[in-house]
Amino acid sequence: MPPIPSQPYALTLERLKEYMQTDPERGLSDDEVQRRLGEYGSNQLEEETSESWLIKFFKQFQSVLIVILIVAAAMAGLMGEWTETWAILAIVLLNGVIGFFQEARAEQAIASLRQLASPQARVIRSGASRLIAAVDLVPGDLIELEAGDFVPADTRLIEAYDCRCQEAALTGESVPVHKKAQPPLAEKTILAERSNMLFMGTTVLSGRAKGFVVATGMQTELGHIAGILQRQPQEPTPLQLRLAELGRILIVLCLGMIALIFALYSLRGDALKDVFLFAISLAVAVIPEGLPAFVTIALALGLTRMAKRNALIRRLPSVETLGSVTVICTDKTGTLTRNEMTVRVLEIGPYAYEVSGSGYQREGAITRTREVEGLGSGDDDLHLALWIGARCNHAKIIPEAAPSQSWSVLGDPTEAALLIAADKAGIAVGNDPLLQNKPFDERKRMSIVVQAEGGGPMMLMKGAAESLLSCCAHELWDGQVRRLSPARRQEILNANHAMSSRALRVLGLAFRSFPAVQTDYKEDELIYVGLVGMMDPPRDEAKAAIRSCLDAGIMPVMITGDHPATARAIAMELGLTTADGRVMTGQDIDDGPLGQLEKDVAGIAVYARVTPEHKLKVIEAWKKHGAIVAMTGDGVNDAPAVKAADIGIAMGITGTDVTKEASDIILMDDNFVSIVNAVEEGRGILDNIKNIIHYLLAGNVSEVLLVLTCVIVGWPLPLQPMQILWINLATDGFPALALAAERPEPGIMRRKPRPVKEPILSWGNGRRILGHGLLLTAMMLIGFYWSYALHPPTRGQLPLAQTVTFFICAFAQLFFALGCRSQTQTYWSRGALSNPALIGALIVAAGLQFAIVYIPALRVIFLRADPKFGLDTWMPMLILAIFPVSIVELIKIGRGVIRSGSKP
């Protein structure tokens, strides 16, 4: 068999049959099918090779912080301190297990969403019609399709009867495409205008068709897009980059601290083993051992909250990435609009009407917007027009179960819109006998003849205004039939043009009666009734969501395959652009000079008539501006851009499998509002991560400063290595975990997006951490000096002094967690009980701390003494412990007063 032509739409059917070597009546033989199946392979898209669970598990340990901890554990083991070794390795393992199972759970949820777009196909082989698995189709197969079928492979039509196909998932066109078998098209015909082709993954809405399969699997148009997807690399998220940067900073700090300790201990003449052991202890104090696990848990909690708000997170870091987004590029059809055609206006004789409601909703009304004095009500003419549109119709609407106020639709969305409009006026369509049916074709009109109840045959027609008017000799004007003058014809065409310029799809309506049943009913001498304008309306909730994006400093950008006028009208209604705002087309992108898109992209909110490659160019242009870009989409044509974006968002209901696999987040309700909710959650999670880092590092800095101060002034060690490890792994762990459960702060969506190059630990945050660490250090130094040098009962008793310092350190950091819920709001303004997890965490951590005193086995490991503290010891320790957080909260109050005073 010769190679299949790359442009089958440009060949005549005779030439195509020579290429296919297929009998147009009997199809392929079974032997030939097997040969071609071996040559071309199965009719399915290739999937990226999945990593084994073992590789996915070990990838959890690639973090720089984890590597540092493993090295510290190894050093402790070399020194024979196996307790420290196993404690560090335990937290490393915990982090890996949590991350692995959270990602596995997300992948399982994705697997449950997968549905085969076209599991079966009707094919003619050896002269017999068969129903086979779509994956078994081969090039040259002769297939048959009818209304409701998914197209299983790219097909060149050889027969087509009133065939219309919905190609929005592939081309972005919201209006169904009329398909026909002849003639061949020009070689440069764009995908959306190849009317003699059916494409894999699209849907037949009406009619029936037969054709040759000309491409299967990865050779289809859908397969070409899938190939683009597989070439898009998976880039690290901003959070991963920031944590890696923080890890590098901590490595430098660790090496510096170890070098300093070596120098100081050498000057004091201590043993080398003690030097190594204490260096490891300080390394553990510098590094927030639980940070990777706490970040993972914070992201996992965000995943759970997002699932409750109809967003499925496929990759944990994507939660934080969405909170940093500065640009959201979104498809129009089905994302910003309902993908449900809706009648919006009617021009009936001298009257004009507006129709409220949107989509396939039962709610709505028809309101007259143009009155004419001296005429009748016009109600009968309106009802006739709506009845014509609903009866000259092949669509069906199926009411949803109560209390739903919407329908599901079978057939052409345009015809469904006419049915919905008639229903809003309370018009019963009926089921008059059908005498003749001339489908919509090259004539750009459709007509039927019905046997009217109590009368003779009646022809009903709908179609393009120009075509319909050519069949009309009269018009209906306020209940009277009058001659259609040339001037009036021009008025109607002008009204049609005005409606089209508003991005409305316009249909004319007409009728005529016949005195008796005939063998052939000619389409002439009809009576023109009026015009109907309809469009795919914006989602009501999308308007509010776009306003929220703009308030949050996020630029929404519409990228669609629709006509520029349609794109502009929808964008204006949503508040994305103005009447004089620029709409860039795919042709503009291709014709512009190199680099021009990058210069213009920041000022363009609407793109029309674009291909998948154009979407990729827009994403890349924004990235060169330093933006964090999100791309939403549902169709196959959106998938490459969804994967190329920093955060890809797919629609869970209408989205194709290819797009879902390419995405980071799937919206389970296909609602743009869920994106705004996700941004809010993402920002809140980033705040929580920053608060956790602040809490952990401030505590660890205080421990390091405490030890260094004591070494410099010649005091003994204020804490034992196991005490430092206990505080960092146990006492600090529960509050840090609870901080991950904080809800987003009020007003978080009125902030500007976080600068993309801003590190997760900025200089300002670093100064605050150092300042808070100094506060904690001061209290611990006071406690150590008081218990070791001045307090008579413990003078000279180092283990008891270390115990006092140990308890002040632990409780000071527990109290400090209350101040780390927010960087600007106090504990009380956030709501004392709004995070019950934190209260529970503090109680558990305090209980563990007291257990060390009262459980002998723990006391031997951590205290090496039997403290008998009385009230005169506990009270000073608690006062010292609560002092740092009190200062921190007073500073917040002062800053709040200053900010409120500076506002006009």
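This is a predicted model: local features need pLDDT of at least 70, side-chain atom pairs count only at pLDDT 80 or more; totals for chains, interfaces and linings use all residues.
**Stop 1: a nonpolar patch**

Start by selecting Ile-70, Trp-82, Trp-86 and Leu-89, and show their side chains. Together they make a nonpolar patch on the surface, with about 430 Å² of accessible area. Which helix gives the most to this patch? Colour helix α5, residues 82-113, and you have it: α5 supplies 3 residues. Now click on Ile-70, which sits in helix α4, residues 64-78. Ile-70 has a relative accessible area of 37%, so it counts as partly exposed.

**Stop 2: charges along helix α2**

Next up are the salt bridges; the structure holds 31 of them. Select Arg-35 and Glu-39 to see one, where the closest N and O atoms are 3.4 Å apart. Why is the spacing along the helix worth a look? Arg-35 and Glu-39 are 4 residues apart in helix α2 (residues 30-40), so about one helical turn separates them. Are these two buried or partly exposed? Arg-35 is partly exposed, at 39% relative accessibility, and Glu-39 is partly exposed too, with a relative accessible area of 42%.

Along with Arg-35 and Glu-39, they are linked in a network of salt bridges.

**Stop 3: a buried pair**

Jump to Arg-125 and Asp-141. This pair forms a salt bridge as well, and its closest N and O atoms are 2.6 Å apart. The two link distant parts of the chain, 16 residues apart: Arg-125 belongs to strand β1 (residues 120-125), while Asp-141 lies in the loop between β2 (128-133) and β3 (142-146). Arg-125 has a relative accessibility of 6%, so it counts as buried. Asp-141 is buried as well, at 0% relative accessibility.

**Stop 4: one partner in, one partly out**

For the last stop, select Arg-482 and Glu-475. They form a salt bridge whose closest N and O atoms are 3.0 Å apart.

Conventions: Residues are numbered from 1 along each chain as its sequence is written. Side-chain values use heavy atoms; hydrogens and water are left out. Patches are made of residues with over 30% relative accessible area and no salt bridge: like charges are joined within 9 Å, nonpolar side chains (Val, Leu, Ile, Met, Phe, Trp, Tyr) within 5 Å. Accessible areas come from the Shrake-Rupley method with a 1.4 Å probe; for residues, only the protein chains shown count as cover. A salt bridge is a side-chain nitrogen of Lys or Arg within 4 Å of a carboxyl oxygen of Asp or Glu. Buried means under 20% relative accessible area, exposed over 50%, partly exposed in between (1.4 Å probe, protein chains only).
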